[in-house]
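Student: I would like to learn how to read a structure like this one, feature by feature. Could we go through it together?

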Amino acid sequence: MGVLERLDAAIPLRPEEAMLLESVRALSRDAIAPRAADHDRTADFPRDNIEGINALGLNAMFVPEAYGGTPLSYTAYLAVVREISMACAATGIIWATTFHAMKPVIEFGTAEQKARLLPRIAAGGLAALAITEPDAGSDATGMRTEFRVDDDAIIVNGGKSFITNGDVADLYLVFGKWAGIADQRAAIAALVIERGTQGLEIVRTEDKLGHRASGTAQLAFDGCRVPRANRLAGPGNGLKLLLASLNTSRPSIAAHALGIARAAFDDAVAYVNERRQGGRRIIDNQGIQFMLADMAAELVLAESWLWHVGQLVDGGAQDFAVEASLLKLRASDAAMRIATDAVQLFGGYGYCKDHRVERLFRDAKVTQIWEGTNQIHRQFIGRSFIER
Ligand SMILES: Cc1cc2nc3c(=O)[nH]c(=O)nc-3n(C[C@H](O)[C@H](O)[C@H](O)COP(=O)(O)OP(=O)(O)OC[C@H]3O[C@@H](n4cnc5c(N)ncnc54)[C@H](O)[C@@H]3O)c2cc1C
């Protein structure tokens, strides 16, 4: 057993979680991975993969039992995200995004909201998390989408950009600002918009570098009438909910990035063991061994921190924002670096679509951009050391 296999074997999972992960491995290996290049080429939504995921009932692992779920640990959830993302990063982010959008409903929703909304998700529904706007990216508090009360409804006007699953979601968790509140941070609120609600328009989807099979949509809300019962957080609570939801989605984003990193590393190792130049295997050159050593060092340390953060969350930790931020930063930088080095190790072949590393290289880039760019994470982590 190599060091990476030993690390995988030590992931702290209960027996039933380890069994589920085995099923996910089989699905990823036999069905999701073989289709990944095709989905990347066509940019078609990977409905076949989502059907396979739903056949295993994977959404149920993060939905409480009372609402149709069979909850498993957060560590198990992270392991599943990583496994699917290793096979197809686009499918991995589609699945993970449903969790990112629904976790705040699970944590902060009323019993009535959970009873009404969550069974759909447990049964395989898709969700989207809508924060970013054309003029509010790194600074989400600059968002302009407006929520205005009208009798028993909330009228939503505005728009969102870059929304993963925005073209396919059954439920949208949307952040906006409560009308009439001057304080920009206090005005932030959140509500759930259901698919088909009048006034919700999918304006377009982006033509992207990577994650091509995962829809990234621009949304418009034009007098969108949402039942008041769908308000998740009112003014004063929205920002708290936003930050809490990012704390649990950032480790998930890191697990996804580490899936890409692991796939790139595995491919690179296999290739340099096989490829011969000058009468010997590429790996027999010390310079290549040094590259592998650096890639492996980044990978195992980031993976170890992933499981550490998973255990923190499972242990009930409330204050893990810096840990989550360090993880997102390190995992995504590792993914980009390892995917870049993997292309390098493949030489000219790595630059061509016949080899998976070409796609992994393109898929890795966005992990440094979404869920807070890595500059923003560096700022947040650095600031945490300022003595007050
Ligand atoms: C494929 C894809 C999927 C996405 N999915 C979602 C989603 O599902 N939901 C959602 O809400 N959003 C989503 N996003 C949006 C993503 O989170 C934002 O793109 C990201 O937060 C950056 O915002 P921006 O693009 O407006 O860049 P900007 O904020 O304009 O930043 C541009 C550059 O300036 C830097 N910068 C900005 N402010 C500072 C600062 N204070 N200090 C130092 N540098 C700074 C940034 O790091 C970056 O390099 C997605 C984006 C992509 C590309």
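Predicted model: local features only at pLDDT ≥ 70, side-chain atom pairs only at ≥ 80, totals over all residues.

Student: Let us begin with the strands. Which strands does strand 4 pair with in the parallel sense, and over how many bridges?

Tutor: A general point comes before the case: side chains in a regular strand alternate between the two faces of the sheet. Here, strand 1 (residues 127–130) runs parallel to strand 4 and is paired with it over 4 bridges. Leucine 129 stands opposite leucine 173 of strand 4. Strand 2 is also parallel to strand 4, joined by 2 bridges. Phenylalanine 147 has tryptophan 178 in strand 4 as its bridge partner, and glutamate 146 has lysine 177 in strand 4.

Student: How many bridges join strand 4 to strand 5, and in which sense do they run?

Tutor: Strand 4 and strand 5 (residues 188–194) run antiparallel and are joined by 7 bridges.

Student: Is strand 4 largely enclosed or largely open?

Tutor: Strand 4 is largely enclosed by the rest of the structure, because 8 of its 8 residues are buried.

Student: How does strand 2 relate to strand 3?

Tutor: The two run antiparallel, with 5 bridges between them. Glutamate 146 has asparagine 157 as its bridge partner in strand 3. Strand 2 and strand 3 form a hairpin with 2 residues between them.

Student: What should I look for in the backbone at such a turn?

Tutor: Most residues other than glycine have a negative phi. Aspartate 151 is not a glycine, yet its phi is positive, about 55 degrees. Aspartate 151 sits in the loop between strand 2 (146–150) and strand 3.

Student: Where is asparagine 165, and what is its phi?

Tutor: Asparagine 165 is in the loop between strand 3 and strand 4 (171–178). It too is not a glycine, and its phi is positive, about 70 degrees.

Student: Are these two residues buried or exposed?

Tutor: Aspartate 151 counts as exposed because its relative accessibility is 61%, and the cut-off for exposed is over 50%. Asparagine 165 has a relative accessible area of 0%, so it is buried, the cut-off being under 20%.

Student: Now the core. Which residues of the largest nonpolar core touch the most other members?

Tutor: The general idea is that nonpolar side chains tend to be buried together in soluble globular proteins. In this model the largest nonpolar core has 105 residues, and Phe62, Tyr77, Trp95 and Phe175 touch the most other members. Helix 7 (residues 238–274) supplies the largest share of this core, 16 residues. Another core, of 19 residues, lies apart from it and includes Ile154, Ile163, Tyr172 and Ile193.

Student: What does tyrosine 77 touch?

Tutor: Beyond residues up to four places away in sequence, tyrosine 77 touches Met61, Phe62, Trp95, Ala96, Phe99, His100 and Ser252.

Student: Last, two single residues. Is glutamate 83 buried or exposed?

Tutor: Glutamate 83 is buried, because its relative accessible area is 8%. It is found in helix 4 (residues 74–87). Leaving aside neighbours within four places in sequence, glutamate 83 is in contact with Leu21, Val24, Arg25 and Ser28.

Student: And where does valine 343 lie, and what does it touch?

Tutor: Valine 343 lies in helix 9. Its relative accessibility is 14%, so valine 343 counts as buried. Not counting residues up to four places away in sequence, valine 343 touches Gly350, Tyr351, Val357 and Phe361. Valine 343 and glutamate 274 are 69 residues apart in sequence and 15 Å apart in space, C-alpha to C-alpha.

Key: Residues numbered from 1 in each chain as written. Heavy atoms only, no water. Buried < 20%, exposed > 50% of the residue type's maximum accessible area, 1.4 Å probe, protein only. Contact = heavy atoms within 4.5 Å. Core = buried A, V, L, I, M, F, W, Y, C linked by side-chain atoms within 4.5 Å. Pairing = 2+ DSSP bridges.
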